[in-house]
Amino acid sequence: MKWKRLLIGILAGVGGMLPVSAQIGEIVNGLTNVALPAIRQGNGYKGYLEADCTIGVGNYRSNFLTLATSQGYKFTDWFYMGAGIGVDLLWSTVNTGWGNDWATSNPDWAAHEKTSSAVMIPVFTDFRFILGEQTKTGFFINLRVGAAFLCSDSYIKIRDGYLTNQNYFYFQPAFGVRIPVSRTKPRQALDVGVHYRLMTSNYWSNWQYNATINGLGLNISYEW
C-alpha cells in the first residue's frame, strides 16, 4: 500500500538525518529497525498529527508554534513507539541594545539587528503511554527525544543571546487527556495536554558558551 511505502521512507529518512549526533542517530536507527517489520505487516500501525504552542521561560526565552507528525507502531494497548518530524516557527523579543558594540566593530552583524523569528525542524523518537481503556476517556504520557535544526538563517538573536545553525538536543515530555472519537473506532482520538520543552546547544563553535532554552505549552493532537 502507498501509505506503508511512504511511512517506511519517512522512518528510513529520519534515521539518516542525524549524522552529527551519534547517540541520537543510534536511537532513531534502533527505532527504525524495530518498527519497520511491524509496519510492513500493517498490524498495529498508528499515526499522530499535532499542533503545539510553547511559551519560553528563562534567560533565553523563545516562543514556538509547531506542527508535527509521528508515525509508528502500537505494541500494546498502552504503549506506542514511533518516529516524527515537525516544523517550528520560533520568535523571540531581542533586548534593547543587544549587540551594539559588536555591530559597530562588525558591520555584518548590523544586517541581523532586527532578526527575531526563524524556522526550526525537530526530528525525534516518540514514546507514548496510554493510561486507561481505549474506548473511554483516559490519560497519556508522551516523551519525545531527538534533535532540532535551525533552517532559516545562519543564526538568530534571542533576548541576550543567539542561536546558530548547528543541531540542538531536543526533549519534550507531555501529559494530558485522551478523548476517543467514538466507541466503535477506539483507534481515533483527540489528545489535549500540557508539555515542557528543553533545547540545549553551544552558542558558538569557538566560544563554547551553552544555550539552554526552556518552555511550557499546550498541545492538541489527532490520532488514528
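Which strand does Val-194 lie in? Read on through these views to find out.

View 1. Helices (H or I, at least four residues) and strands (E, at least two) are DSSP runs, numbered from the N terminus. Along the sequence they follow the pattern α-α-β-β-β-α-α-β-β-β-β-β-β-β. In this predicted model, local features need pLDDT of at least 70 and side-chain atom pairs count only at pLDDT 80 or more, while totals for chains, interfaces and linings use all residues. Residues are numbered from 1 along each chain as its sequence is written, and side-chain values use heavy atoms, leaving out hydrogens and water.

**View 2. Gly-161 in strand S7 (residues 161-164).** Gly-161 counts as buried because its relative accessibility is 1%; buried means under 20% relative accessible area, exposed over 50% and partly exposed in between (1.4 Å probe, protein chains only). Asn-59 is 102 residues away in sequence, yet the two C-alpha atoms are 8.7 Å apart in space. Across the chain, buried residues make up 46% of the 224 residues.

**View 3. Val-194 in strand S9 (residues 189-202).** Here is the answer to the opening question: Val-194 lies in strand S9. With a relative accessible area of 45%, Val-194 is partly exposed.
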